[in-house]
Amino acid sequence: MRASTTTATVPPREPAKRSFTVTAEKLKAQTAHDHEDFFWTYTEEPHRTRRMAIIKAHPEVTKLCGPEPLTKYVVLLVVSIQIACACLLRNTPVLSWPFFLTAYIVGATANQNLFLAIHEISHNLAFRSPLANRIIAVFANLPIGIPYSASFRPYHLTHHKSLGVNGLDTDLPTAFEAWFLDSVAGKAFFCTCQILFYALRPMFIYNLPLTRIHLFNIVVQLAFDYALVQFAGGKALAYLIMSSFLAGSLHPCAGHFIAEHYVFEKPEKDASNPANKIPIPETYSYYGILNFFTYNVGLHNEHHDFPAIPWTRLPKLNRIAHEFYDELPVHKSWVYVMWQFVMDKDISLWCRVKREEGGRKVGAGSGWSEEELGNNEKKGRIPGVF
């Protein structure tokens, strides 16, 4: 199997200790093909272990944590660009090359940037004030056309706290998705409509309570959409919606959705034996040029290790603690990631690491408070997390 990943060979000075083991286990609903297996682990996710090892080796990395003032200005710029484009296209036919190309080249890139601005802001990395972060997330949501920033935050924080946990991590495909889309055509459909799967899947996994911030997000977004249609017409809103769809479709920047956590290196057969303790990396990084447009989301191992370090300081984290990252697999191209995902029979939606237990929901109303994950709202600061 040709892989889109490469693994560095520089020997680490003090490698991170990884305690998790992975086994492949067939689901009852699966057929008998070898590649139709999720990879199951029964120990905790690797990022906490590596975070503590990095802090021990390089305690100075905790100084990188905290809000990035530049974020709010980038959000303002991109929101302004999208509103301007929407108004300029108000008299352009939707089914025309100028409209489509603008939506694909400018709009999809801009809205992907805003998706990831909301991702960044969900960790309270735009302002120190939690309320200010909630408000700017709603503002960043405006050109996306559909309210989602308030719901994204608890689902995403649960993804961090419960990485790979079946029934909690809504980034994981369901067994039905993996089975139904297990073909070239199915995977191509998944890549084309990724944004719909990521938007709708969480609601089928578990529901969030409706809070005031959810209502605020909905009311502000609907008011903005109404005002835009009244001022610039329906085509302006259609441009924003098309931009959002294309941003999560066959767009170069959309490759990060698949690149981040799908297993692209075919596991050794011995990995199915838990006694062998052969780890399968479940988070992949990308260090290419598209990080410029996506808040360095490609530095995904770094982000999961230290979710309280903002996008501008993740490269510095990598430089300081490079011995912990040099040997982790990386993707060289998000475009090739999507191509390989679709065309390689050994890669599919089954290629995810799952665990049956561990982790907790964030924002579920009981059992676990949001402050524990690094929202910096009520409790003291935990290095590297908040």
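How do the residues of the lining of the largest pocket divide into nonpolar, polar and charged? The count is 23 nonpolar, 13 polar and three charged. The model is predicted. Its 386 residues are 54% buried. The secondary structure comprises 15 helices and six strands. Of the contacts with a separation of 6 or more, 76% join residues 24 or more positions apart.

**Largest pocket**

- The largest pocket holds about 1100 Å³ of space.
- Its lining has 39 residues, and those closest to the pocket centre are Tyr 148, Phe 152, Tyr 198, Ala 199 and Pro 202.
- Several helices each supply at least two lining residues: α3 (97-121), α5 (149-161), α8 (194-205), α9 (212-232), α10 (234-247), α11 (255-259) and α12 (300-305).
- Tyr 198, one of the residues closest to the pocket centre, is also in contact with Tyr 262 and with Phe 257.

**Nonpolar cores**

- In soluble globular proteins, nonpolar side chains tend to be buried together.
- The largest nonpolar core here has 69 residues.
- Phe 190, Ile 258, Tyr 262 and Phe 341 touch the most other members of that core.
- Helix α3 gives the largest share of this core, with ten residues.
- A second core is separate and has 17 residues, among them Ala 53, Phe 306, Ala 308 and Ile 320.
- Beyond four places in sequence, Tyr 262 touches Pro 173, Phe 190, Tyr 198, Phe 257, Tyr 284, Phe 341, Ser 348, Leu 349, Cys 351 and Arg 352.
- Two of these partners, Phe 190 and Phe 341, are listed with Tyr 262 among the residues that touch the most other core members.

**Aromatic pairs**

- A pair of aromatic rings is described by the distance of the centres and the angle of the planes.
- The protein has 19 aromatic pairs.
- One of them is Phe 176 with Phe 180, a stacked pair with 5.5 Å centre to centre and 15 degrees between the planes.
- Phe 176 and Phe 180 are separated by about one helical turn, because they sit four residues apart in helix α6 (residues 175-180).
- Both Phe 176 and Phe 180 are exposed.
- Elsewhere, ring pairs join Phe 189, Phe 190, Phe 197, Tyr 262 and Phe 341 into a cluster.

- Phe 257 lies in helix α11.
- Phe 257 has a relative accessible area of 13%, under the 20% cut-off, so this residue counts as buried.
- Phe 257 and Trp 334 are 77 residues apart along the chain, with 9.2 Å between their C-alpha atoms.
- Phe 204 lies in helix α8.
- Is Phe 204 buried or exposed? Its relative accessibility is 73%, so Phe 204 counts as exposed.
- The C-alpha atoms of Phe 204 and Thr 170 are 9.0 Å apart, across 34 residues of chain.

**Val 94**

- Val 94 sits in the loop between α2 (70-88) and α3.
- Val 94 is partly exposed, at a relative accessible area of 27%.
- Leaving out residues up to four places away in sequence, Val 94 touches Phe 99, Lys 235, Ala 238 and Met 242.
- From Val 94 to Ala 238, the C-alpha distance is 7.6 Å, although 144 residues separate them in sequence.

- Most residues other than glycine have a negative phi.
- Tyr 295 has a positive phi of about 55 degrees and is not a glycine.
- Asn 296 likewise has a positive phi, near 55 degrees.
- Tyr 295 is in the loop between β4 (285-286) and α12, and Asn 296 is in the loop between β4 and α12.
- Tyr 295 is buried, with a relative accessible area of 4%.
- Asn 296 counts as buried at 15% relative accessibility.

How values were computed: Residues numbered from 1 in each chain as written. Predicted model: local features only at pLDDT ≥ 70, side-chain atom pairs only at ≥ 80, totals over all residues. Heavy atoms only, no water. 1 Å grid on protein atoms, 1.4 Å probe; cavity = no way out; pocket = protein on both sides within 12 Å on 5 of 7 lines; lining within 4 Å. Points joined across faces, edges and corners; volume = space filled by probe spheres on them. Nonpolar A, V, L, I, M, F, W, Y, C, P; charged D, E, K, R; others polar. Core = buried A, V, L, I, M, F, W, Y, C linked by side-chain atoms within 4.5 Å. Buried < 20%, exposed > 50% of the residue type's maximum accessible area, 1.4 Å probe, protein only. Contact = heavy atoms within 4.5 Å. Phe/Tyr/Trp six-rings, centres within 6.5 Å; stacked < 30°, edge-to-face > 60°.
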